[in-house]
Amino acid sequence: MVENILSIDLGRKSMGIALSRTGLLVTPIDNPHFKLDDYQQYISYLKKFFLKERVEHIVIGYPLYPSGDPCKMTPVVDNFIELLNENFPDIEIIKQDERESTKEASTFLSSSGYNMKKQRKKIDCIAACVILERYLHSIKQI
């Protein structure tokens with residue numbers, strides 16, 4: 001059973017984070033905002049986070065067009081994965097298709113009573129939950 005999994009929904013100004021300590025339940029954690037494209041700030045945030053939480057695997061949302069072809073964010077995520085590998089060599093990095101994850105997160109938040117303005121504060125960490133749940137389903141863990 002895969003446990004202690006952090007999920008990341010990477011954006012240009014924010015990073016949605018979700019966590020599964022058990023490999024069965026997924027918890028939204030945070031949606032920190034950073035300066036545009038300053039991915040070193042993202043790494044600094046994760047270093048502090050890893051001091052509090054034991055993480056053995058990172059599942060990162062992998063952006064693709066609906067056709068499955070790479071999109072503008074695909075090389076950005078590839079470069080961020082390299083940064084993750086450099087800074088956290090003992091943590092396994094797993095790419096997970098993130099197509100429609102933000103849309104699914106928005107639908108969930110809307111049904112929970114969040115209007116579009118309120119969704120902005122939570123949408124990325126809920127998308128990270130969607131990404132992590134998809135991964136757990138793909139390995140038939142949940």
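This is a predicted model: local features need pLDDT of at least 70, side-chain atom pairs count only at pLDDT 80 or more; totals for chains, interfaces and linings use all residues.
**Group meeting: strands, salt bridges and surface patches**

Arg-12 has a relative accessible area of 34%, so this residue is partly exposed.

What does Arg-12 pair with? Its salt-bridge partner is Asp-37, and the closest N and O atoms are 2.9 Å apart. The two come from distant parts of the chain, 25 residues apart: Arg-12 is in the loop between β1 and β2, and Asp-37 is in the loop between β3 and α1 (39–52). Asp-37 is partly exposed as well, because its relative accessibility is 35%.

Arg-21 forms one with Glu-53, with 2.6 Å between the closest N and O atoms. Arg-21 sits in the loop between β2 and β3 and Glu-53 in the loop between α1 and β4, so this pair ties together parts that are 32 residues apart in sequence. Is each end buried or exposed? Glu-53 counts as buried, at 18% relative accessibility. Arg-21 counts as partly exposed, at 43%.

The other one joins Lys-95 and Asp-78, where the closest N and O atoms are 3.7 Å apart. Here strand β5 supplies Lys-95 and helix α2 (residues 73–87) supplies Asp-78, and the two are 17 residues apart. Lys-95 is partly exposed at 47%, and Asp-78 counts as partly exposed at 25%.

Now the strands. Which strands does β4 pair with? One partner is β1 (residues 5–10), in the parallel sense, over four bridges. Within that pairing, Leu-6 has Ile-58 as its bridge partner in β4. Strand β5 (residues 92–97) also runs parallel to β4, joined to it by six bridges. Val-59 stands opposite Ile-94 in that strand.

Why is β4 described as largely enclosed by the rest of the structure? Because six of the six residues in this strand, residues 57–62, are buried. In a regular strand, side chains alternate between the two faces of the sheet. In β4, His-57, Val-59 and Gly-61 are on one side, Ile-58, Ile-60 and Tyr-62 are on the other, and all are buried.

Strand β2 (residues 15–20) is mostly covered too, with six of its six residues buried. On one side are Met-15, Ile-17 and Leu-19, on the other Gly-16, Ala-18 and Ser-20, and both faces are covered. β2 runs antiparallel to β1, with six bridges joining them, and Asp-9 stands opposite Gly-16. The hairpin that joins β1 to β2 goes through four residues.

On to β3 (residues 27–30): this strand pairs with β2 in the antiparallel sense over three bridges. Leu-19 stands opposite Thr-27 in β3. These two strands form a hairpin with six residues between them, and Gly-23 in the turn has a positive phi of about 85°.

Last, the surface. Lys-117, Lys-118, Arg-120 and Lys-121 gather there in a patch of positive charge. Lys-121 is in the loop between α4 (116–119) and α5 (123–138), and counts as exposed at 66% relative accessibility. There is also a nonpolar patch made of Met-1, Leu-24, Leu-25 and Ile-142, with about 430 Å² of accessible area together. Ile-142 lies in the segment after α5 and is partly exposed, at 35%.

Key. Residues are numbered from 1 along each chain as its sequence is written. Side-chain values use heavy atoms; hydrogens and water are left out. Patches are made of residues with over 30% relative accessible area and no salt bridge: like charges are joined within 9 Å, nonpolar side chains (Val, Leu, Ile, Met, Phe, Trp, Tyr) within 5 Å. Accessible areas come from the Shrake-Rupley method with a 1.4 Å probe; for residues, only the protein chains shown count as cover. A salt bridge is a side-chain nitrogen of Lys or Arg within 4 Å of a carboxyl oxygen of Asp or Glu. Lys and Arg count as positive and Asp and Glu as negative; His and the chain ends are not counted. The place of a charge is taken as NZ of Lys, CZ of Arg, CG of Asp or CD of Glu. Buried means under 20% relative accessible area, exposed over 50%, partly exposed in between (1.4 Å probe, protein chains only). Two strands pair if DSSP finds at least two bridges between them.
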